Amino acid sequence: MLPGSIQITGEALSGAEIKDICDSLKENSVRLLSVRGCQFSDRDFGRVCRGVAESHSLAQLNLNLGVVSSISRVKQLADALKTNRSIQTLFLHGSPLLDAGLVALNTALSTHPSLVSLDLGDCMLGDEAIQLICGMLPPDGAKSGLRELTLSANPAITTKGWARLAVAVAHSSQLRVLNLDYNPLGDQIAGMLAVAVSSSRTLEVLDLEGTGLTNQSAQIFLDMVENYPTCLRVLVLAENAISPELQQQISDLLSEGEEDEDKEGEARGSGGRAREKTTWLPNSNSSSQMVLVTSGLGDSLLAETEM
């Protein structure tokens with residue numbers, strides 16, 4: 001049977017339930033493990049981490065909403081990630097990591113051979129953490145790096161930290177999706193990001209929802225997409241003081257660029273093999289996918305579930 005998924009939200013988990021999860025991990029029968037907002041003891045958290053370390057099938061790990069609640073848990077997770085080789089996506093959204101937590105995780109994250117998507121939204125990060133995150137966005141293909149990064153709602157990061165990230169994004173050889181929504185960025189930082197986007201050879205999605213932008217920022221992005229070639233396909237500017245007209249103009253131009261690329265690919269396809277196109281979409285709790293849901297105890301079933 002193909003590996004399935006265990007998804008539990010907001011529950012207090014017993015020792016028996018934790019044992020079922022750990023057994024499934026060790027049997028390599030889990031591809032997605034999500035225990036977002038769940039409560040269980042430190043001892044049981046350590047058991048789950050040891051199961052993660054031993055799993056060869058686990059591709060996505062969701063510990064959102066305070067599951068990683070202390071520095072001791074951060075260190076246990078770091079130890080698990082140093083051994084695990086299969087995880088591609090790690091969600092820690094809503095964990096009180098602080099910069100010290102990311103320092104403890106840094107080696108495990110930056111050297112993990114498979115990790116390509118990382119959610120550190122609402123983790124109380126600052127400039128020291130940003131410096132470490134920039135190391136996960138390598139400037140060439142010499143080593144693997146993140147393709148998708150979420151840093152939503154980390155208001156302690158200063159202009160210096162965001163400027164450092166903008167430089168890393170400009171030179172990253174792999175980053176496709178960057179979610180910075182609900183940070184107090186303002187027009188100055190948005191201008192830095194516009195320069196980064198125009199320099200990037202890979203960035204396709206940038207989420208700046210609710211980041212304190214005005215028409216000044218929107219006009220810079222409009223000029224950029226109108227006059228310069230970029231890889232950008234999606235720019236989210238909702239919940240900012242930006243006119244609907246400017247937002248629509250930017251959206252229309254980005255859509256036109258995507259249509260032009262499609263036509264170019266079709267034209268090439270008539271004389272040879274067209275380039276394969278990959279679309280990267282930001283992670284969202286509202287997006288549904290068909291996944292295999294496994295309870296850990298009973299039968300499996302195919303169901304539409306919230307990721």
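**Parallel strands, crossovers and salt bridges in the predicted model**

Strands β1 (residues 4-7) and β2 pair in the parallel sense over four bridges, two strands being counted as paired if DSSP finds at least two bridges between them. Helices (H or I, at least four residues) and strands (E, at least two) are DSSP runs, numbered from the N terminus. The model is a predicted one, in which local features need pLDDT of at least 70 and side-chain atom pairs count only at pLDDT 80 or more, while totals for chains, interfaces and linings use all residues. Residues are numbered from 1 along each chain as its sequence is written, and side-chain values use heavy atoms, with hydrogens and water left out.

S34 has N62 as its bridge partner in β3. A right-handed β-α-β unit is made by β2, helix α2 (residues 42-54) and β3. Strand β2 (residues 30-34) is largely enclosed by the rest of the structure, because four of its five residues are buried. Buried denotes a relative accessible area under 20%, exposed one over 50%, and partly exposed the range in between (1.4 Å probe, protein chains only).

D42 and R73 form one of them, with an N to O distance of 2.8 Å. D42 belongs to helix α2 and R73 to helix α3 (residues 71-83), so the pair ties together parts 31 residues apart in sequence. D42 is partly exposed at a relative accessible area of 43%, whereas R73 is buried at 6%.

R43, D44 and R47 are linked in a network of salt bridges. The side chains of R43 and D44 meet at 3.9 Å, N to O, and the closest N and O atoms of D44 and R47 are 2.8 Å apart. D44 and R47 are three residues apart in helix α2 and therefore separated by about one helical turn. Both D44 and R47 are buried, the relative accessible area of D44 being 7%. R43, by contrast, is exposed, with a value of 61%.

Elsewhere, S200 occupies the loop between α7 (186-199) and β8 (205-207). S200 is buried, with a relative accessible area of 6%. Leaving aside neighbours within four places in sequence, S200 is in contact (heavy atoms within 4.5 Å) with V169, A170 and C231. The C-alpha atoms of S200 and L175 are separated by 8.7 Å, the two residues being 25 apart along the chain.

Over the whole protein there are nine helices and eleven strands. Of the 307 residues, 49% are buried. Among contacts with a separation of 6 or more, 80% are between residues 24 or more positions apart. The accessible surface comes to about 14,300 Å², 51% of which belongs to carbon and sulfur atoms; accessible areas come from the Shrake-Rupley method with a 1.4 Å probe, and for residues only the protein chains shown count as cover.

Terms used: Right-handed = clockwise from strand over helix to strand, strands pointing away. Salt bridge = Lys/Arg side-chain N within 4 Å of Asp/Glu carboxyl O.
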